[in-house]
Amino acid sequence: MSADRSVYCPGPMSRRSFLQAGYMALGGLGLADLLRQRVLANSLNPQAGNREDTAVIFIWLLGGPSHMETYDMKPNAPSDYRGQLNPIATRTPGMEICELLPLHAKVADKFSIIRSISHEDSQHARGSVRFLSGRKTQSVNPVSEFPTVGPIVAKMREHRRVGVPNYVASSPRAYGGGSAYLGESAMPFVVGGNPGAPGYSVPNLSVSNSVKDRLDDRLGLLQSFDNFRRDVDLHGSMQALDNINEQALGMLTSDKARQAFDLSQESDATRDRYGRHKWGQRALLARRLVEAGTSFVTMYMNNPDIPGTQKNRIHSNWDIHAINGDLYYDLSVRMPPFDRAVSALIEDIYARGLDKRVLLVVSGEFGRTPRIDVKPGTKSKVMQPGRDHWPGAMSVLVSGGGAPMGQVIGSTTAKGEYAKDNKLDPNDLLATVYHFMGIDQNHEFLDRSGRPMPILPHGSPIKELI
């Protein structure tokens, strides 16, 4: 049985003081500020597998997208279930998707749709914990008590040194997400905003003005670390700062990370194909990062921020209750940039030969109620349609991973209410991800009370994707 044990810094210097000292020793390096706590966690010393070049891109649709308006339409259901949109045929015979996803339809032979995943929790934080960690919780705290998939991958691969961050996300944590008892070392390198915006620079991947000159003299900077080591290495704690040196200085003084984050190196045609908006440029950045060696990338596609839209009829994420927004106006705004970004990413994964080592997953925490609700909007003040939370059925798109594509896996009942064939659990999807990455889902960490906790309590890889 393997387990991960946290360590602390004994002696008269408190942990907080040690972290502050480490930061001062780095002379204000923004990236080192990010990394300084991570290296205090004890290394897992995992045995290297044969799949460490694999990577996952997770497109997270916070709030829960409607399966009935994306990948599991029910044109023969009653009107208050099927809604206002129609299905279209795709490149894959027998696979129909929403008419607002025409670019998806053209690359449908390069993705598969899972229609039969379901779980039991309809609250956002609990549903996210359930979907991303594989565990049930009673907490509605937006910070998970269990580590979610991104932090687990980061922890299992923290020994990798590839010149780019192992785990990158456009937000520190999904609602209900986080690293829990794995500690700060498993949290992502955060790249928010629109990475394609003019003048955009990656936070924490630059050096403060006060130390730019010192970085030009790398030997001098390293000497300052050596001096600090002699002063404070009282309890063998300097191994932590050695790791900071390796990660922070490695990224700051080499071109690999900066180039990976630099979208200006892409052609105008490529950037246009992804879409000159936040979602498109995040998808493009995700592709560049996994190509450069990042193991796990989570990119949020929440508010599309499309100029000229009626803000009182749209919502900030996919949680489109009637009180939050007009479901069909909202989808008319968000679906075109979503369609462009995801289809371009799928197209690129295959065109660039990444489909064997990169797995793309597109999902939210649950689906939406099959029956449409009509209520007055909080902002619009008029009656408008929406759908509420529904974990009984949801659709997940997967692409790449060396798996057979062009599949529809499972099905739901005639009104889209529940899984009908090949009922699957979120843990089965997570087991598929870990299997693809060569990570043992039975590997155990110690939680905060010292109990051994396997990565997944249950779940089996989805056979159609192996």
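The model is predicted: local features need pLDDT of at least 70, side-chain atom pairs count only at pLDDT 80 or more, and totals for chains, interfaces and linings use all residues. Residues are numbered from 1 along each chain as its sequence is written, and side-chain values use heavy atoms, with hydrogens and water left out. The protein chain has 14 helices and 18 strands; these are DSSP runs numbered from the N terminus, helices being H or I of at least four residues and strands E of at least two.

**Overall figures**

- Of the 466 residues in the protein chain, 58% are buried (buried means under 20% relative accessible area, exposed over 50%, partly exposed in between, with a 1.4 Å probe and protein chains only).
- The protein chain has an accessible surface of about 18900 Å², and carbon and sulfur atoms hold 49% of that surface (Shrake-Rupley method with a 1.4 Å probe; for residues, only the protein chains shown count as cover).
- Among contacts in the protein chain with a separation of 6 or more, 72% are between residues 24 or more positions apart (contact means heavy atoms within 4.5 Å).

**Nonpolar cores**

- The largest nonpolar core has 56 residues, and Ile59, Met301, Phe338 and Leu360 touch the most other members (a nonpolar core is a set of buried Ala, Val, Leu, Ile, Met, Phe, Trp, Tyr and Cys residues joined through side-chain atoms within 4.5 Å).
- Two or more residues of this core come from each of β1 (55-60), β3 (96-98), α10 (255-261), α12 (278-292), β7 (296-300), α13 (327-351) and β8 (358-363).
- The element that gives the most to this core is α13, with 11 residues.
- Another core, of 47 residues, lies apart from the largest one and has Phe131, Ala186, Phe296 and Leu359 among its members.
- Ile59 is in contact with Met299, Met301, Leu345, Leu360, Val361, Val362 and Ser363, leaving aside neighbours within four places in sequence.
- In soluble globular proteins, nonpolar side chains tend to be buried together.

**Helix packing**

- The axes of α5 (residues 124-133) and α14 (residues 426-437) come within 7 Å and cross at roughly 40° (axes are lines fitted to C-alpha atoms, for helices over the stretch in contact, and angles run from 0 to 180 degrees between N-to-C directions).
- The two helices α5 and α14 are therefore oblique to each other (angles under 35 degrees count as roughly parallel, over 145 as roughly antiparallel, 65 to 115 as roughly perpendicular and the rest as oblique).
- On the α5 side the contact is made by Arg130, Phe131, Leu132 and Ser133, and on the α14 side by Pro426, Asn427, Leu429 and Leu430.
- The residues of this contact divide into five nonpolar, two polar and one charged (Ala, Val, Leu, Ile, Met, Phe, Trp, Tyr, Cys and Pro count as nonpolar, Asp, Glu, Lys and Arg as charged, and the others, Gly among them, as polar).
- Helix α6 (residues 149-156) is mostly covered, with eight of its eight residues buried.
- Lys155 is one of the buried residues of α6, and the cover over those residues includes β1, α5, β5, β7, α14 and β17 (444-446).

- Most residues other than glycine have a negative phi.
- Ala180 has a positive phi of about 50° and is found in the loop between β5 (167-169) and β6 (189-190); its relative accessibility is 12%, so Ala180 counts as buried.
- Lys381 also has a positive phi, near 65°, and is found in the loop between β10 (373-376) and β11 (383-386); Lys381 is exposed, with a relative accessible area of 64%.

**Selected positions**

- Ala393 lies in the loop between β12 (389-390) and β13 (394-400) and is buried, with a relative accessible area of 1%.
- Beyond residues up to four places away in sequence, Ala393 touches His67, Ile117, Ser118, Gly367, Thr412, Gly416, Glu417 and Tyr418.
- Gly64 lies in the loop between β1 and α3 (79-82) and counts as buried at 0% relative accessibility.
- Gly64 touches Trp318, Glu365, Phe366 and Arg368, not counting residues up to four places away in sequence.
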